[in-house]
Each structure stands twice: as structure tokens, then as C-alpha cells.
Amino acid sequence: NEGTFTFSGKSAVVCEDETLLRTAEIFAEDVQAVLGRQLEVKNEGAASGNVVLSLDDSLLSFQIVRNTK
């Protein structure tokens, strides 16, 4: 999908899973470095204008390969 996103003064990075906290912090740091806009990082409050990071378990897969030799 292609599109655009405009950060507002209220935009934040919301991580819906605590394991994504560091990723959210890095994303916010990158936005600060590139756009000069500081985004709050929080773990709740998904709303219009926010960047929301979440995990989709349906996209996770694991494969175990056994060496039978």
C-alpha cells in the first residue's frame, strides 16, 4: 500500500505490546533526526494521527529442521 502520513502536534508512537517499546523509541528517534519532530512514545491511546505498532501472530511462523544424518 502507498500513501502519505502527516504528523500533527498530537501525533505519538503507540506500542500495543511491551516487546515493541524499544522499536517505538527507535522510530521516534529517527523521526526526530529526520523531521525535527519529537513524538511521544506510549503504550496505549491508539487514535487518529498516531503511529501504532502491534504484533500480528498470524504472520509469525517457526520452522524446525532436524538433521537426521
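Visitor: Which residue of β2 stands opposite Ala 12?

Guide: Ala 12 stands opposite Glu 40 in β2. This is a predicted model, in which local features need pLDDT of at least 70 and side-chain atom pairs count only at pLDDT 80 or more, while totals for chains, interfaces and linings use all residues. Residues are numbered from 1 along each chain as its sequence is written, and side-chain values use heavy atoms, with hydrogens and water left out.

Visitor: What makes β1 and β2 pair, and in which sense?

Guide: Two strands pair if DSSP finds at least two bridges between them; β1 and β2 have 3 bridges, in the parallel sense. Strands are themselves DSSP runs (E, at least two residues), as are helices (H or I, at least four), with numbering from the N terminus. The chain holds 1 helix and 3 strands, in the order β-α-β-β from the N terminus on.

Visitor: Why is Ser 11 called buried?

Guide: Buried means under 20% relative accessible area, exposed over 50% and partly exposed in between, with a 1.4 Å probe and protein chains only. Ser 11 has 5% relative accessibility, so it counts as buried.

Visitor: How do you know that the side chain of Ser 11 makes a polar contact with the backbone oxygen of Gly 49?

Guide: A polar contact is a pair of N or O atoms within 3.5 Å; within protein, one must be able to donate a hydrogen and the other to accept it, and residues adjacent in sequence count only if both atoms are side-chain atoms. The side chain of Ser 11 reaches the backbone oxygen of Gly 49 at 2.8 Å, and the backbone nitrogen of Ser 8 lies 2.8 Å from a polar atom of the side chain of Ser 11.

Visitor: Is Asn 43 buried or exposed, and why?

Guide: With a relative accessible area of 56%, Asn 43 is exposed. Asn 43 is found in the loop between β2 (40–42) and β3 (51–53), and, leaving aside neighbours within four places in sequence, Asn 43 is in contact with Val 14 and Cys 15.

Visitor: What makes a set of residues a nonpolar core, and which residues make up the largest one?

Guide: A nonpolar core is a set of buried Ala, Val, Leu, Ile, Met, Phe, Trp, Tyr and Cys residues joined through side-chain atoms within 4.5 Å. The largest core has 9 residues, namely Phe 7, Val 13, Cys 15, Leu 20, Ala 24, Ala 28, Val 31, Leu 39 and Val 51. Two or more residues each come from β1 and α1 (21–35), and α1 gives the most, with 3 residues.

Visitor: Why is the pair of Phe 5 and Phe 7 given the class that it has?

Guide: Rings of Phe, Tyr and Trp (its six-membered ring) pair if their centres lie within 6.5 Å, and planes under 30 degrees apart count as stacked, over 60 as edge-to-face and the rest as tilted. The centres of Phe 5 and Phe 7 are 4.9 Å apart and their planes stand at 75 degrees, so the pair is edge-to-face. Phe 5, at 41% relative accessibility, counts as partly exposed, whereas Phe 7, at 18%, counts as buried.

Methods. Contact = heavy atoms within 4.5 Å.
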